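User: Could you take a close look at one part of this model for me? I'd like to hear about the place where the two chains meet, with a single residue as the way in.

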Amino acid sequence: MNATIFLEIGSGSGCVSAFAGKILDTSTLYLTTDINYRACNCTRRTGSQNNVTLDAIQTSFTQALHSRLKNSVDIICFNPPYVPTVSTEVSEAQDLRGIEGSWAGGSDGMQVTNIFLSVVHELLSFNGRFYLVALKENNIPEIQSRMKTLYQLESKIVLSRRAGREHLSIVRFKRALPGLS
Amino acid sequence: MVRLITHNLLACHAKGCTSNNFPLQFQNVQIELKEAEFNPTFLETFMPKLEWKALVDSAKEASATISRYILGNTSLPLEQPEMLDEEFLKNLHHVLLEIHVEEGIMICPNCKHNYPISNGIPNMLLAEHEIG
């Protein structure tokens, strides 16, 4: 696949972006964001140990990049904090920018994810793809129908697997072609 | 690292700061040079996405901080050329991908907000009251 710009939100250890860098061709700029400084540093080092240059940026979602990346990103990946928790735990975790922010997801585990779901359509290029990790409890059918109705992004579950007690899926979104479906 | 290709994508996003908020100006920067694989196809695909004037200016700012003998050629034409010869693409490659800003500050030309760069990581976070 040809991708000029790859972007991962909440890159953490950096292993997803580094892996992407190994399977995509070399004509790609890899941008990663994370609110945690140590995660950004780790992302960068994981990249360099795998000979993939990852440009790590410490920011929330795509703040600071958003205006310049409109309709420009070919691949977006987001493994969000999807674990259902009490709602207050989310805001605390995000404000503290610590490790809890990597899992605490609020009442249906969607509190952080939903913020990004409302802007991702602005970032995708014409043929862009957005890959989201979701838990069964996040109500994937609801996410899919909402994204179609509100933002004309159609989607498909491309992989599902059980990891311990979590039923995990990868949902892939793309722009719906006008006139079809 | 903040390479100039990435710097060309960063704008100030503080509350109310919506015009003249790009490009962020470098101050007190420390630069490292790292060789990258020359890939003309990537450069040609990426060129339409660049804010050209911002890149030319930022390359000048970066080159003011370090001797040209060390930094290499950072001169770019004021307009994107129509014919892309090898010499131009090599310069562009060097400017975009081989100059790494490891330490320093990026300042918004409009609201003067400071975004620090530490160990190559730009900190673009804003405090709660600064978010628009």
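Predicted model: local features only at pLDDT ≥ 70, side-chain atom pairs only at ≥ 80, totals over all residues.

Analyst: Arg68(A) itself is found in the loop between E3 and strand E4 (73-78) of chain A. Beyond its neighbours within four places in sequence, Arg68(A) is in contact with Asn8(B), Leu9(B), Phe22(B), Lys49(B), Leu50(B) and Glu51(B).

What about its charge? Arg68(A) is buried but has no salt bridge.

Now zoom out. Between them, 29 residues of chain A and 31 residues of chain B are in contact. The two chains bury about 2,500 Å² between them, with carbon and sulfur atoms giving 56% of that. Of the area chain A buries against chain B, 28% comes from Arg44(A), Ala64(A) and Arg68(A), more than from any other three residues.

Arg44(A), for its part, does form a salt bridge: its partner is Glu102(B), with the closest N and O atoms 3.0 Å apart. The count between the chains is 2 salt bridges, along with 12 residue pairs in polar contact. On the chain A side, strand E2 (29-34), helix H2 (37-49) and strand E3 (54-58) each give two or more residues, and E3(A) has the largest share, with 5 residues. Sorted by class, that side has 12 nonpolar, 12 polar and 5 charged residues.

Conventions. Residues numbered from 1 in each chain as written. Chains lettered and ligands numbered in written order. Heavy atoms only, no water. Contact = heavy atoms within 4.5 Å. Buried area = accessible area lost by both parts, 1.4 Å probe. Salt bridge = Lys/Arg side-chain N within 4 Å of Asp/Glu carboxyl O. Polar contact = N/O pair within 3.5 Å; in protein donor to acceptor, adjacent residues only side chain to side chain. Helix = DSSP H or I, 4+ residues; strand = E, 2+ residues; numbered from the N terminus. Nonpolar A, V, L, I, M, F, W, Y, C, P; charged D, E, K, R; others polar. Buried < 20%, exposed > 50% of the residue type's maximum accessible area, 1.4 Å probe, protein only. Lys, Arg positive; Asp, Glu negative; His and termini not counted.
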